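Hi there,

Here is the structure I promised to pass on. Have a look at it first, and then read on for what turned up.

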Amino acid sequence: MLSIATKVERIVRESAFLTEGLKRGLINLSELARQLQPQLESDLWKPVGQAAVVTALRRLAERLPEPPTGNIVLVQKTGELTTRTELTEYTFRHSDRIHECHRKLLAATEPLPGAFVTVTRGVNEVMVICSRTLAPLVEQAFDGEQLLARLDDLNALTLHLHPGAGREPGTYQAILKQLAWDRVNLVNMICTNTELTVLLEQDQTGPAFSTLARFKMH
């Protein structure tokens, strides 16, 4: 049977946030121990005292490797933040006809002012994100293709980055880490040279906006 110390270490090492926070001394050990108690008692099938968990956390913190850098990397302030609402995401299985489907979709949406549609082609899948009003055009263009997933009522937040941001260590990591710390769940993410777009369910849009707004230029 696993010991309390072994189980605590496994839980902490499975989370980059707990590992870094513990090593940097940013986490209240008593509070973390209190929150871990129910999981530990369930996994170990026995009562677990908070003091024992605190001791295990303190000893683990002493053994964790030093962070890669002595300072927390903060992303340089970026530009404006824009929002798109009422989006639909489709995921299709890649096929020999996908290129033709893509061409049909672009031809159908080109005459429409303000139409939002983006197509991302992976190795085995193709993702289409579009305004909800364009959903019938997507389904018509990809008729006969294998639909793997469809998500409706999504919103997108786009953070406009300064040129060259992608070449600066820690830019994306700092943004995504803050979203994770704030418990914002992302459905998907799209990057271009100067834009980082996150796709979210509607109830996550407000918290995500508050988080990303911290990275805007003053």
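One term before the details: a residue counts as buried when its relative accessible area is under 20%, as exposed when that value is over 50%, and as partly exposed in between. Please also keep in mind that this is a predicted model.

Tyr90 counts as buried because its relative accessibility is 1%, and Phe92 counts as buried because its value is 4%. Phe92 also forms a stacked pair with Phe142, at 4.5 Å centre to centre and 10 degrees between the planes. That pair links distant parts of the chain: Phe92 belongs to strand S1, while Phe142 sits in the loop between helix H6 (135-141) and S4, 50 residues apart. Through these ring pairs, Tyr90, Phe92 and Phe142 are linked into a cluster.

Now to the sheet. It is open, has 6 strands in the order S2-S3-S1-S4-S6-S5, and its pairing is antiparallel. Strand S2 (117-121) and strand S5 (188-191) are the edge strands, each pairing on one side only. From one strand to the next, the twist averages 30 degrees. As a reminder, strands of a sheet pair through backbone hydrogen bonds, in either a parallel or an antiparallel way.

Helix H5 (residues 98-109) lies across strand S1 (81-93), S2 and strand S3 (125-131), and runs at about 170 degrees to S2. Helix H7 (residues 171-181) lies across S4, S5 and S6, and runs at about 20 degrees to S6.

Within S6, I would point you to Thr197, which is found in that strand. Is Thr197 buried or exposed? Its relative accessible area is 14%, so Thr197 is buried, the limit being 20%. The side chains of Thr197 and Thr158 are joined by a polar contact of 2.8 Å. Leaving aside residues up to four places away in sequence, Thr197 touches Ala156, Leu157, Thr158, Asn188, Met189 and Ile190.

Next, helix H3 (residues 29-44). Where does H3 bend? There is a kink of about 40 degrees at Leu36, shortly before the proline Pro38. At the start of H3, a side-chain oxygen of Asn28 comes within 3.0 Å of the backbone nitrogen of Ser30. The buried residues in H3 are Leu29, Leu32, Ala33, Leu36, Gln37, Leu40 and Leu44.

Finally, two backbone details. Just after H3, Trp45 takes a positive phi of about 60 degrees, and this residue is not a glycine. Trp45 is found in the loop between H3 and helix H4 (50-63). With a relative accessible area of 77%, Trp45 is exposed, because that value is over 50%. Glu86 is not a glycine either, and has a positive phi of about 55 degrees. Glu86 lies in strand S1 and counts as partly exposed, because its relative accessibility is 39%.

Enjoy looking through it, and do write back with any questions.

Best wishes

Note on methods: Residues numbered from 1 in each chain as written. Predicted model: local features only at pLDDT ≥ 70, side-chain atom pairs only at ≥ 80, totals over all residues. Heavy atoms only, no water. Bend = angle between axes of the 7 residues up to and from the residue. Helix = DSSP H or I, 4+ residues; strand = E, 2+ residues; numbered from the N terminus. Buried < 20%, exposed > 50% of the residue type's maximum accessible area, 1.4 Å probe, protein only. Polar contact = N/O pair within 3.5 Å; in protein donor to acceptor, adjacent residues only side chain to side chain. Pairing = 2+ DSSP bridges. Axes fitted to C-alpha atoms, helices over the stretch in contact; angles between N-to-C directions. Contact = heavy atoms within 4.5 Å. Phe/Tyr/Trp six-rings, centres within 6.5 Å; stacked < 30°, edge-to-face > 60°.
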